[in-house]
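This report concerns the structure displayed below.

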Amino acid sequence: MVSFIVSGRISEKYSWAVTFVAPLFLLVSALSAGYVFYTIWGDQPYVVQWSWFTIGDTNLSAGIYLNNISALMVLIVTLISFLVHVYSTGYMAGDEGITRYFSMLGFFTFAMLGIVLADSLLLVFVFWEMVGFASYMLIGHWKDKPEAAAAASKAFLFNRIGDAGFLIGLMLIWTNTGTFDLAELAKVQDIYSWQTTASLCLFCGVMGKSAQFPLLTWLPDAMEGPTPVSALIHAATMVAAGVFLLARVDFLFTPTALDVIAIVGIITACMAALSALVQSDIKKILAYSTISQLGLMITAIGAGSSAAAMLHLFTHAFFKAGLFLCAGIVIHVLHQAQQQAHTHFNVQDIRNLGGLRKKLPFTFVAFILSGSALAGLPFFSGFLSKDAILTAIAGWKGSDFSWRWIVFIAAFIVSFITVIYTFRMIWTVFMGEEKSTASLPVVEPPLVMRGPVALLAIASVWLIVSVNPFHYHGWIFNVLHSGKHFDLGIISFISVLWITLAVATSYFIFRKKTISSELLLNNFYLDKLYTSAIGKPSLRLASMVSFVDRKCIDGFIHVSAYAQVTTAHFIGWFDRAIVDGTVNGIASLSRVAGNMTRSFQGGKIQLYILWAILAIIIFLIWTLF
Amino acid sequence: MHHYLISLLIFTPLLVAVVGLFIPAKAEKYFRYSTLGVNLFQLAVLVMMLMRYVTEAGVQFVEKKSWITLSLGSWGMLKAEYFVGVDGLGMPMVALSVFVLLIATISSWTIDKNVKGYFLLLLILNAAIIGSFTALDFLLFYLFFEFMLLPMFFLIAIWGGARREYASIKFFLYTLLGSIFILIAMIALYISVHDPSSSGQLVHSFNLLNMTDPTNFISNSVLDPNNPWKIGPLDARLWAFLLLFFGFAIKLPMVPVHTWLPDAHVEAPTPVSVILAALLLKIGGYGLVRIAFPIFPEAAMHFSMFIGVMGVISIIYGGLNAMASKDLKRLIAYSSVSHMGFVLLGLASITPEGVAGSIYQMFSHGLVSALLFLIAGVLYDRTHDRTIGNYSGLSIKMKSYTAIVLVGFFASMGLPGFSGFIAEIMIFLGAFKSNSVNGLLHESLAIIATLGLILGAAYYLWTLQRMFFGPYDLKGNIAHSSIYDLNNREYLMLIPLAIAALFFGIFPQPLINFIDPFARNFSEFVLSTGKSLTLNP
């Protein structure tokens, strides 16, 4: 029943009537995912394995390992993906690369499901990289835009850097246990020293995929892709994969590793939240908010509560997808209106927008609902899941003051900032007076685009988590959470006050004013730092190495070749001048001698007489003296 | 019949080449089709071999005929045999050769300069390559090995690009130097080894399998493992290993003896580049596995750290050079250097994973590098310009071509789903594990080698971004009319390679069935023999 989902995805890649067939396939898979979820939820893990290949003596299998976490993820992934598919049929209508788009979208979902269902870490890594490839294709979908191509390359490269860490983690695990099988690995009980290193290496992969500090800068750039893709990346696939992986292999993590994870998570959450405050591009604000929320989830995992992280992942998937799709609607309808009116301005820049509540009432309401969930207002799902995270951190920090208190306080600050930037978006885009859009004939988009948004917005209320709007122990958390419960009713109470304060602040202070900070706008100049500290030096190193290749190694070869040729010339000269010279010299000597002696026998009587007389004289002199 | 399958593979192209000598050069069609016919015939023979191959049975399809027997009086007898056969190492290499040579012939269809000479040389090269992958007698191997040089030299020097003379002479001298190293080691081995099967008289033989058994060495000979001569600071056996190692490392090629490769590749015509990258480089790796490691196992263990470090240097150095390349073909050539570094790293680990990974990598690189050079050739055929900076936004005009390029580049990057990934993961696992299993390599080597993966992604993505994405534009003297998408012949040569790379990435087991028994026996043999030899100095 599960392989059906997978095969549905693959066959979808080859369909041509994609706009119709692709969402249909996704619907089928979402339904079967719902069935799978229904049968698996709260039950024993379900495992199927096939032999894939052997390495050395070990047989590596490929198979499915389905437990509560993965069942939940399967549901999220297929559902969001289905909605995004439906939405895309409207958003991407008329795009010339639509076949490629849908096949990559399907492939993306397939790869993500692979991560979720894989039974071994190696297989997770395989799909992990495939997700990277799919995101590369989708972010770079509009190929002729140089920024899109650059953003796609950057996304893949940053993921690759994380994956290199993942790979090292795999090597450590293989060397120490000889298996990649998740069920086998879960049996490893003792805490070995290698586990800290191995789990941190795996976390490197997570940093890449879930855009954690310091590998976070690719995600805002990835906004160059089509908006539904952003929704998918941010809600269900790609970035969620990192959090999911941590939750899946949480048995591997040692306390030291978890501390590191918590710190990285909270740093990311703070940095991204601050950056989100000052961005002017609506998609970038959402991107930074995703990074910040992911940071919170990672912190929760570091605090030892993967159940809280998964809960937030679950709620976040719905309201963030909803927000992105709303933003997509704004961008889409304004683009169309622009084409009709032959004007041009940047529709993603919120400074150009305003007062859209009148022309886009539906989108306005949906945005408010999803945005409230993001901000964590009471009666919304985000409130409950954030509450779970804060409670987890509160329990983890202990009663004595330590650095963990800073993490705790920082988490509260992040949730405060979240409210401010969310409402900043709402104030500037939908409230106030219309700005550049005043003269445009803006109309609400077709039903295929509104439907998914409506569903997602409805899914942002508290009911999908638990019946009690102030208590997160609903049907999800109780199943995922094992071990002792840590409960603090006071946290919910403080949260309510805190959020109210934040909303008030945002209404009274930030409704009109905007903060601007170059530092935050550029996300702490991380990109510049990478370019100057890593990018440029490696290019310089590359050209240096190429210089070495051409001048030193080839130079040496050339010099030795010249030396040989010169030696050859010298030997040639030696051969001609000395050896041949000697031979020729001897030859000419003998010729001279021959000539001379020949001349003795020239047949001239006078000469004979002369020689004879000379001989007699010599003889006489010799005998006489 | 099936006793002569290997001879059929080797001698059919030679026979056709000899017949071809008497066909007038005007019959260009004859040469093309007869070469293609030979390739298809070889493919049929290959299929027969694969069907009869027994994976666990070691050396198979053995043919052994006495070839040279010469009495040397008190020196004993000189014996060289026509001794061929394949095992888990030879079989994948032969399969790869037959497949790639067929593709190379298809891509040679556009050659129109001196067709007769070209295809005859291609046939000779064909025989020599398959001969080297199957020979189990050192003299026979050496003969085929040298025999490859000549057609290669002429193929580059006559049908090559602008600097073809320089490149071909460089190629020739480099490889000749390697051949001389191998020759010296071969003579030393020949003096030291006797044939155990001949009782009474001392018979010197070139049998490679005999050479791997330390008891076959004549006591007090140059390379006697129990009492080797000392030459300078090292044992003669270590010297002999180094000679073989460098001889094959030049072919592989390993940094810093690799500079013949980029030049030869850039200047060679496309099919010759394909053969060079896909097959000739593999003979370097093949020689290490077949000859250097098993004959001198203790030396291999002694130098394994050195070999591993050289492998890692090749990976990083090749990757950096690729990043700095401005010429597409040069970039691919340097990526070959980088990928063959993985072969060295895997071999140096002497673990089943590492060795199997190395052989898998040779096979996979054979497919992928052939694909990449064909890709470069497609563009060069159209525009006669390979400068990366002169193109932009090609994906708009050449959709299918871009799709194939994506496949090729990502396959070469080692994306999961392509054959390179399986090879690299096995090499990484083997190299990393080595320290805890046999203590030969340090873990840091594998960790540093992961940088090669990042570099690979960097230079390929950057190339994609510069050449294929962005707005469509051409610089230099490229005519816009010369940019058009793939034709049927090009599909015919590109698609099978892409499918093969994909197939062996998703279903590695069929190939691993061949490699794995060999790799396990090999690493066990090298380790146990190597240890026993170092214990008795």
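## Model and confidence

The structure is a predicted model. In chain A the pLDDT averages 76, and 80% of the residues score at least 70.

## Overall form of chain B

Chain B contains 20 helices and seven strands. Its C-alpha trace spans about 75 × 60 × 45 Å along the principal axes. The radius of gyration of chain B is 23 Å, which agrees with the value near 24 Å that a compact globule of 537 residues would have.

Of the 537 residues in chain B, 60% are buried. Among the contacts in chain B between residues at least 6 apart in sequence, 78% join residues at least 24 apart.

## An open sheet in chain B

Three strands of chain B form an open sheet with mixed pairing, in the order 1-2-3. Strand 1 (60-71) and strand 3 (203-205) of chain B are at the edges; each has a single partner strand, so one side of each lacks a neighbour in the sheet. On average, neighbouring strands of this sheet are turned by 25 degrees against each other, direction ignored.

Strand 2 (residues 77-86) of chain B pairs with strand 3 of chain B in the parallel sense, over three bridges. Within this part of the sheet, B:M77 has B:V203 in strand 3 of chain B as its bridge partner.

## A covered helix in chain B

Helix 9 (residues 260-267) of chain B is mostly covered, with eight of its eight residues buried. The buried residues include B:W260, B:L261 and B:P262, as well as B:D263, B:H265 and B:E267. Among the elements that cover them are helix 5 (138-159), helix 6 (164-192), helix 10 (270-295) and helix 13 (328-349) of chain B.

## The interface between the chains

Contacts between the chains involve 35 residues of chain A and 41 residues of chain B. On the chain A side, strand 1 (46-55), helix 5 (121-139), helix 6 (146-177) and helix 22 (526-600) of chain A each give two or more residues. Helix 6 of chain A supplies the largest share, 14 residues.

By class, the side of chain A that touches chain B has 21 nonpolar, seven polar and seven charged residues.

Conventions
Residues are numbered from 1 along each chain as its sequence is written. Chains are lettered from A and ligands numbered from 1 in the order in which they are written. This is a predicted model: local features need pLDDT of at least 70, side-chain atom pairs count only at pLDDT 80 or more; totals for chains, interfaces and linings use all residues. Two residues are in contact if their C-beta atoms, placed from the backbone, lie within 7 Å. Helices (H or I, at least four residues) and strands (E, at least two) are DSSP runs, numbered from the N terminus. Ala, Val, Leu, Ile, Met, Phe, Trp, Tyr, Cys and Pro count as nonpolar, Asp, Glu, Lys and Arg as charged, and the others, Gly among them, as polar. pLDDT is the predictor's confidence in each residue, from 0 to 100. A residue is buried if 20 or more other C-beta atoms lie within 10 Å of its own, exposed if 12 or fewer, and partly exposed in between; C-beta atoms are placed from the backbone. The radius of gyration is taken over C-alpha atoms; the globule rule is 2.2 Å times the number of residues to the power 0.38. Two strands pair if DSSP finds at least two bridges between them. Axes are lines fitted to C-alpha atoms, for helices over the stretch in contact, and angles run from 0 to 180 degrees between N-to-C directions.
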